[in-house]
Amino acid sequence: MEIAGHRVPRHGVRILVIWAVLSAIAIPLVVVVLGPHLPPGRMSAQAGAQTDANTVLTALLVPILLLILVFLGYAVFAFRQEGSAIQDGPPMRGHNGIELTWLLVTATIVVALAVWGSYTLVKSSPGSGGGQGPSAPFAPSGSSQAVPIQVIGQQWAWTYRYPSYGAFETRDLRLPVNTLVAFHVTSLDVTHSFWAFRLGVKADAVPGVDNIAFVKARDVGSFTIRCAELCGLWHGHMSGTGHVVSTADFHAWAAEQQTAQEPFSKYLGPFSRAYFPLPLHRAG
């Protein structure tokens with residue numbers, strides 16, 4: 001391009017070429033190299049779906065970030081002013097083509113992510129993994145056969161009841177591998193939040209509310225449990241460890257716990273889907 005007899009470099013073309021080359025290199029690296037290491041991992045079907053979503057979002061972020069960095073870097077080197085005199089550049093009135101392209105591209109990305117996210121939430125078999133209230137609107141397939149485990153928060157500890165095994169209560173959380181589990185999360189006092197990071201599960205524990213979260217663990221192993229809602233003085237110490245075990249080991253452990261704790265079960269309040277913070281006892 002020439003202006004007043006002087007050849008002017010096609011800066012826009014140069015920027016786009018540099019950006020396209022860097023993006024073509026960076027996006028596969030993000031997906032193949034970084035993606036498998038993004039949180040929360042793949043210990044459960046829900047965690048794996050969240051890792052996939054984080055990989056897609058990171059891959060979309062990279063070219064946007066590169067475009068900004070390439071433009072700034074190119075401007076620093078291509079448009080730097082020589083000499084000590086400071087002169088203003090020519091005024092810029094905008095560029096309809098660039099503005100329209102930017103609007104269309106960003107709008108397309110946002111709409112596509114909204115459609116993909118909605119489809120994943122409604123149709124994906126693992127379910128969302130998060131608390132969905134007392135009647136989950138987007139339950140995964142086979143949810144009616146899910147193993148129920150009640151998660152009870154209280155200042156400042158987690159306890160667990162197993163309705164399918166006489167509703168015994170324990171501080172030890174165990175769940176069977178390759179089996180859909182329905183966490184029924186509630187609280188005895190204030191609002192807590194049950195967060196099993198490696199499982200991809202986070203659900204609020206609210207007094208009087210049965211908040212359901214589904215999970216299907218893929219691997220045997222341990223995972224950390226924390227409270228993710230500020231719940232008082234010892235909130236930071238409200239943590240524990242859960243275990244994913246084989247199906248046979250889970251059933252044997254649950255039967256053993258039911259028998260061992262039967263003499264103490266009479267001192268517990270009656271099992272309920274939710275509890276209210278009443279003094280000295282539990283009421284459904």
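This is a predicted model: local features need pLDDT of at least 70, side-chain atom pairs count only at pLDDT 80 or more; totals for chains, interfaces and linings use all residues.
What span should the 24 residues of helix 1 (residues 11-34) have at 1.5 Å a residue, and how far apart are its end C-alpha atoms? Select helix 1.

Numbering runs from 1 along each chain as its sequence is written, and side-chain values use heavy atoms, without hydrogens and water. Helices (H or I, at least four residues) and strands (E, at least two) are DSSP runs, numbered from the N terminus.

Next, pick out Ile-15, Ser-23, Ala-26 and Val-30, the buried residues of helix 1. Buried means under 20% relative accessible area, exposed over 50%, partly exposed in between (1.4 Å probe, protein chains only). These residues pack against helix 2 (45-78).

Now show both helices. Their axes, lines fitted to C-alpha atoms over the stretch in contact, come within 8 Å and cross at roughly 145°; angles run from 0 to 180 degrees between N-to-C directions. Contact means heavy atoms within 4.5 Å. Residues making the contact include Trp-19 and Leu-22 of helix 1 and Leu-66 and Phe-71 of helix 2.

Last, go to Asp-219, in the loop between strand 10 (211-216) and strand 11 (221-227). Asp-219 is partly exposed, at 39% relative accessible area. Leaving aside neighbours within four places in sequence, Asp-219 contacts Arg-42, Met-43, Val-177 and Val-244. Asp-219 and Val-244 are 25 residues apart in sequence and 7.1 Å apart in space, C-alpha to C-alpha.
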